[in-house]
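Thanks for coming, everyone. Please take a look at the model on the screen, and then I will walk you through it.

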Amino acid sequence: MSTSNQTSHPFIPATPGDRRSPCPALNALANHGYLPRNGQNIGLWHLIRAVQEVYNLSFILAALLALAGILLCGHAFRLDLDALAIHNKIEHDASLVHADASGQQRAPTEVDPKLLKSFLSHADPQRGMSLYDLAQVRISREAQLAHPLDLIHSKIGAAEAALCWLLLKQDTGRIPSSVLLQWYGEECLPDNWARPRHVIGLLDARTKAVEVANIMSSHKSTCRGTPVFQPQCLRIRLKDNT
(Lines give C-alpha, C1' and ligand atoms only; values in the text may rest on other atoms or scores of the structure.)
Protein backbone atom coordinates (compact mmCIF):
# COMPACT_ATOMS: atom_id res chain seq x y z
CA MET A 1 0.00 0.00 0.00
CA SER A 2 1.21 3.48 -0.76
CA THR A 3 2.54 5.34 2.26
CA SER A 4 0.90 8.49 0.94
CA ASN A 5 -2.56 6.88 1.12
CA GLN A 6 -2.42 6.20 4.84
CA THR A 7 -5.31 8.05 6.41
CA SER A 8 -3.25 8.81 9.50
CA HIS A 9 -0.78 10.87 7.45
CA PRO A 10 -2.70 12.76 4.74
CA PHE A 11 -0.89 15.12 2.43
CA ILE A 12 -1.42 18.76 3.39
CA PRO A 13 0.73 21.30 1.51
CA ALA A 14 2.71 23.82 3.50
CA THR A 15 0.79 26.92 4.51
CA PRO A 16 2.18 30.46 4.94
CA GLY A 17 4.50 30.50 7.94
CA ASP A 18 5.46 26.84 7.69
CA ARG A 19 9.19 26.19 7.35
CA ARG A 20 10.51 24.07 4.50
CA SER A 21 13.95 23.05 3.25
CA PRO A 22 15.57 22.48 -0.15
CA CYS A 23 15.22 18.72 0.53
CA PRO A 24 12.13 17.05 -0.99
CA ALA A 25 12.48 14.02 1.28
CA LEU A 26 12.12 16.06 4.46
CA ASN A 27 9.51 18.41 3.03
CA ALA A 28 7.37 15.41 2.09
CA LEU A 29 7.66 14.08 5.65
CA ALA A 30 6.45 17.43 7.01
CA ASN A 31 3.65 17.67 4.43
CA HIS A 32 2.40 14.24 5.54
CA GLY A 33 2.79 14.92 9.26
CA TYR A 34 5.61 12.49 9.97
CA LEU A 35 7.52 15.60 11.02
CA PRO A 36 5.85 18.69 12.53
CA ARG A 37 3.80 20.25 9.75
CA ASN A 38 5.14 23.70 10.59
CA GLY A 39 8.68 22.38 10.03
CA GLN A 40 9.95 23.80 13.30
CA ASN A 41 11.76 22.60 16.41
CA ILE A 42 12.32 19.03 15.21
CA GLY A 43 14.18 16.87 17.70
CA LEU A 44 17.01 14.53 16.72
CA TRP A 45 15.21 11.31 17.62
CA HIS A 46 11.98 12.45 15.97
CA LEU A 47 13.91 13.11 12.76
CA ILE A 48 15.69 9.74 12.88
CA ARG A 49 12.48 7.81 13.55
CA ALA A 50 10.55 9.55 10.75
CA VAL A 51 13.25 8.91 8.16
CA GLN A 52 13.52 5.26 9.22
CA GLU A 53 9.76 4.69 9.24
CA VAL A 54 8.97 6.20 5.86
CA TYR A 55 12.13 5.63 3.83
CA ASN A 56 13.44 2.44 5.49
CA LEU A 57 16.93 3.76 6.10
CA SER A 58 19.15 1.90 8.55
CA PHE A 59 19.51 3.45 11.97
CA ILE A 60 23.16 4.30 11.27
CA LEU A 61 22.42 6.06 7.97
CA ALA A 62 19.37 7.87 9.37
CA ALA A 63 21.33 8.96 12.44
CA LEU A 64 24.29 10.21 10.40
CA LEU A 65 22.06 12.27 8.11
CA ALA A 66 20.02 13.67 11.00
CA LEU A 67 23.12 14.51 13.04
CA ALA A 68 24.77 16.24 10.10
CA GLY A 69 21.70 18.41 9.55
CA ILE A 70 21.30 19.31 13.20
CA LEU A 71 24.98 19.89 13.99
CA LEU A 72 25.55 22.04 10.90
CA CYS A 73 22.22 23.87 10.75
CA GLY A 74 20.37 23.26 13.99
CA HIS A 75 20.38 24.53 17.55
CA ALA A 76 20.40 22.61 20.83
CA PHE A 77 19.92 19.33 18.94
CA ARG A 78 16.77 20.63 17.30
CA LEU A 79 16.17 21.72 13.72
CA ASP A 80 13.96 24.11 11.77
CA LEU A 81 13.69 22.86 8.20
CA ASP A 82 14.40 26.23 6.62
CA ALA A 83 17.80 26.33 8.35
CA LEU A 84 18.90 23.62 5.90
CA ALA A 85 18.73 26.32 3.21
CA ILE A 86 21.72 28.18 4.67
CA HIS A 87 24.04 28.45 1.71
CA ASN A 88 27.11 26.23 1.48
CA LYS A 89 26.60 24.35 4.71
CA ILE A 90 24.74 21.31 3.41
CA GLU A 91 22.83 23.25 0.73
CA HIS A 92 24.79 24.00 -2.43
CA ASP A 93 24.41 25.51 -5.89
CA ALA A 94 23.23 23.30 -8.78
CA SER A 95 20.30 21.82 -6.88
CA LEU A 96 18.14 19.68 -9.15
CA VAL A 97 14.91 21.68 -8.76
CA HIS A 98 15.82 24.71 -6.62
CA ALA A 99 17.44 27.92 -7.80
CA ASP A 100 20.91 28.88 -6.60
CA ALA A 101 21.38 31.19 -3.63
CA SER A 102 22.78 33.90 -5.95
CA GLY A 103 24.60 35.78 -3.23
CA GLN A 104 21.89 35.39 -0.59
CA GLN A 105 22.53 33.82 2.80
CA ARG A 106 19.85 31.20 2.15
CA ALA A 107 18.84 29.42 -1.02
CA PRO A 108 15.20 29.39 -2.18
CA THR A 109 13.12 26.56 -0.76
CA GLU A 110 10.37 26.85 -3.36
CA VAL A 111 10.56 24.50 -6.36
CA ASP A 112 11.68 26.32 -9.51
CA PRO A 113 9.21 25.36 -12.31
CA LYS A 114 11.81 25.74 -15.08
CA LEU A 115 14.34 23.57 -13.26
CA LEU A 116 11.67 20.99 -12.50
CA LYS A 117 10.70 20.84 -16.18
CA SER A 118 14.35 20.50 -17.20
CA PHE A 119 14.89 17.79 -14.60
CA LEU A 120 11.89 15.75 -15.75
CA SER A 121 13.01 16.06 -19.38
CA HIS A 122 15.90 13.71 -18.59
CA ALA A 123 13.47 10.88 -17.85
CA ASP A 124 12.31 8.56 -20.60
CA PRO A 125 8.51 9.08 -20.91
CA GLN A 126 7.83 5.34 -20.76
CA ARG A 127 10.76 3.91 -18.82
CA GLY A 128 11.43 6.69 -16.33
CA MET A 129 14.78 7.79 -14.94
CA SER A 130 17.79 5.60 -14.21
CA LEU A 131 20.73 6.26 -11.94
CA TYR A 132 22.72 7.17 -15.05
CA ASP A 133 20.05 9.71 -16.00
CA LEU A 134 20.24 11.27 -12.54
CA ALA A 135 24.00 11.61 -12.95
CA GLN A 136 23.38 13.32 -16.30
CA VAL A 137 21.08 15.83 -14.60
CA ARG A 138 23.84 16.63 -12.13
CA ILE A 139 26.31 17.07 -15.01
CA SER A 140 23.91 19.41 -16.77
CA ARG A 141 23.21 21.50 -13.65
CA GLU A 142 26.85 21.80 -12.63
CA ALA A 143 27.80 22.77 -16.19
CA GLN A 144 25.71 25.92 -15.73
CA LEU A 145 27.78 27.17 -12.79
CA ALA A 146 30.27 29.99 -13.22
CA HIS A 147 32.56 28.21 -10.73
CA PRO A 148 32.61 24.47 -10.02
CA LEU A 149 31.36 23.10 -6.73
CA ASP A 150 34.00 22.39 -4.12
CA LEU A 151 34.80 18.72 -3.47
CA ILE A 152 32.58 18.37 -0.42
CA HIS A 153 29.46 19.84 -2.04
CA SER A 154 30.11 17.94 -5.25
CA LYS A 155 30.06 14.73 -3.21
CA ILE A 156 26.90 15.85 -1.41
CA GLY A 157 25.22 16.41 -4.79
CA ALA A 158 26.20 12.93 -5.97
CA ALA A 159 24.98 11.42 -2.69
CA GLU A 160 21.63 13.20 -3.00
CA ALA A 161 21.09 11.79 -6.49
CA ALA A 162 22.08 8.31 -5.31
CA LEU A 163 19.74 8.41 -2.33
CA CYS A 164 16.87 9.63 -4.50
CA TRP A 165 17.37 6.61 -6.77
CA LEU A 166 17.55 4.17 -3.85
CA LEU A 167 14.36 5.56 -2.29
CA LEU A 168 12.18 5.86 -5.38
CA LYS A 169 13.31 3.24 -7.91
CA GLN A 170 11.06 0.41 -8.96
CA ASP A 171 12.20 -3.17 -9.59
CA THR A 172 13.26 -2.10 -13.09
CA GLY A 173 15.90 0.15 -11.55
CA ARG A 174 14.11 3.23 -12.89
CA ILE A 175 11.93 5.90 -11.33
CA PRO A 176 8.65 6.73 -13.13
CA SER A 177 8.24 10.35 -14.19
CA SER A 178 5.00 10.58 -12.22
CA VAL A 179 6.84 9.61 -9.03
CA LEU A 180 9.54 12.21 -9.67
CA LEU A 181 6.93 14.89 -10.34
CA GLN A 182 5.08 14.23 -7.09
CA TRP A 183 8.18 13.88 -4.90
CA TYR A 184 10.25 16.74 -6.32
CA GLY A 185 7.49 18.97 -7.69
CA GLU A 186 4.69 18.57 -5.14
CA GLU A 187 6.83 17.42 -2.22
CA CYS A 188 4.50 14.59 -1.35
CA LEU A 189 4.91 10.84 -1.03
CA PRO A 190 3.92 9.59 -4.49
CA ASP A 191 0.79 7.61 -5.25
CA ASN A 192 1.38 3.86 -5.66
CA TRP A 193 4.77 4.19 -4.01
CA ALA A 194 5.88 2.17 -1.02
CA ARG A 195 9.05 2.45 0.96
CA PRO A 196 11.94 0.24 -0.19
CA ARG A 197 11.48 -3.41 0.72
CA HIS A 198 15.04 -3.73 1.95
CA VAL A 199 16.72 -1.50 4.50
CA ILE A 200 18.98 1.08 2.85
CA GLY A 201 22.28 1.15 4.70
CA LEU A 202 25.31 3.38 4.73
CA LEU A 203 27.20 1.07 2.36
CA ASP A 204 24.29 1.08 -0.14
CA ALA A 205 24.20 4.88 -0.17
CA ARG A 206 27.97 5.23 -0.41
CA THR A 207 28.28 2.68 -3.24
CA LYS A 208 25.68 4.41 -5.39
CA ALA A 209 27.06 7.88 -4.60
CA VAL A 210 30.47 6.72 -5.81
CA GLU A 211 28.81 5.34 -8.94
CA VAL A 212 27.20 8.71 -9.67
CA ALA A 213 30.50 10.49 -9.04
CA ASN A 214 32.32 8.08 -11.37
CA ILE A 215 29.81 8.66 -14.17
CA MET A 216 30.28 12.40 -13.77
CA SER A 217 34.05 12.09 -13.63
CA SER A 218 34.14 9.90 -16.74
CA HIS A 219 32.02 12.45 -18.58
CA LYS A 220 34.35 15.27 -17.60
CA SER A 221 37.38 13.27 -18.73
CA THR A 222 35.77 12.44 -22.07
CA CYS A 223 34.67 16.03 -22.64
CA ARG A 224 37.83 17.74 -21.44
CA GLY A 225 38.59 20.49 -23.90
CA THR A 226 35.09 20.31 -25.39
CA PRO A 227 32.53 23.04 -24.65
CA VAL A 228 30.19 21.54 -22.04
CA PHE A 229 27.06 22.61 -23.85
CA GLN A 230 27.86 20.75 -27.08
CA PRO A 231 25.08 18.19 -27.49
CA GLN A 232 27.39 15.36 -28.52
CA CYS A 233 29.27 15.83 -25.26
CA LEU A 234 26.19 15.86 -23.04
CA ARG A 235 24.73 12.82 -24.80
CA ILE A 236 27.72 10.55 -24.29
CA ARG A 237 26.53 7.38 -22.60
CA LEU A 238 29.40 5.43 -21.17
CA LYS A 239 27.00 2.81 -19.89
CA ASP A 240 23.28 2.58 -19.18
CA ASN A 241 22.81 1.94 -15.46
CA THR A 242 19.37 0.47 -15.05
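**A pocket, a patch and some salt bridges**

Helix H6, residues 151–168, gives the largest share of the lining of the second largest pocket, with three residues. Helices here are DSSP runs of H or I with at least four residues, strands are runs of E with at least two, and both are numbered from the N terminus. A pocket is found on a 1 Å grid over the protein atoms alone: it is an open set of points where a 1.4 Å probe fits, with protein on both sides within 12 Å along at least five of seven lines, and lining residues have an atom within 4 Å of a point.

Before I go on, a word on the source. This is a predicted model, so local features need pLDDT of at least 70 and side-chain atom pairs count only at pLDDT 80 or more, while totals for chains, interfaces and linings use all residues. Residues are numbered from 1 along each chain as its sequence is written, and side-chain values use heavy atoms, with hydrogens and water left out.

Back to the pocket. Its volume is about 430 Å³. That volume is the space filled by probe spheres set on the grid points, which are joined across faces, edges and corners. The pocket has 18 lining residues, and Leu-166, Lys-169, Asp-171, Pro-196 and Arg-197 are the closest to its centre. What classes make up the lining? Nine residues are nonpolar, four are polar and five are charged. Nonpolar covers Ala, Val, Leu, Ile, Met, Phe, Trp, Tyr, Cys and Pro; charged covers Asp, Glu, Lys and Arg; the others, Gly among them, are polar.

Asp-171 and Arg-197 meet in a salt bridge, 3.0 Å from N to O. A salt bridge here is a side-chain nitrogen of Lys or Arg within 4 Å of a carboxyl oxygen of Asp or Glu. Side chains of opposite charge can pair when their charged atoms come close. Asp-171 and Arg-197 are both exposed. Buried means under 20% relative accessible area, exposed means over 50%, and partly exposed is in between, with a 1.4 Å probe and protein chains only.

How many salt bridges does the structure hold? Eight. Take Asp-82 and Arg-106, with their closest N and O atoms 3.2 Å apart. Both lie in the loop between strand E2 (78–79) and helix H4 (113–120), so this pair ties together parts 24 residues apart in sequence. Asp-82 is buried, at 19% relative accessibility. Arg-106 is partly exposed, at 37%. Asp-82 and Arg-106 also belong to a network of salt bridges with Arg-19 and Asp-80.

Next pair: Arg-141 and Asp-100, in a salt bridge of 3.4 Å, N to O. Arg-141 lies in helix H5 (residues 131–143) and Asp-100 in the loop between E2 and H4, so they tie together parts 41 residues apart in sequence. Is Arg-141 buried or exposed? Buried, because its relative accessible area is 7%. Asp-100 is partly exposed, at 22%.

Now the surface. Trp-45, Phe-59, Ile-60, Leu-64 and Leu-202 make a nonpolar patch of about 520 Å². Patch residues have over 30% relative accessible area and no salt bridge; nonpolar side chains (Val, Leu, Ile, Met, Phe, Trp, Tyr) are joined within 5 Å, and like charges within 9 Å. Areas come from the Shrake-Rupley method with a 1.4 Å probe, and for residues only the protein chains shown count as cover. Helix H3, residues 59–73, gives the most to this patch, with three residues. Ile-60 lies in H3, and Ile-60 is exposed, at 53%.

Two backbone points. Asn-56 is not a glycine, yet its phi is positive, near 60 degrees. Asn-56 is in the loop between helix H2 (44–55) and H3, and it is buried, at 7%. Ala-76 also has a positive phi, about 50 degrees. Ala-76 is in the loop between H3 and E2, and it counts as exposed, at 71%.

Last, the whole chain. There are nine helices and two strands. Of the 242 residues, 48% count as buried.
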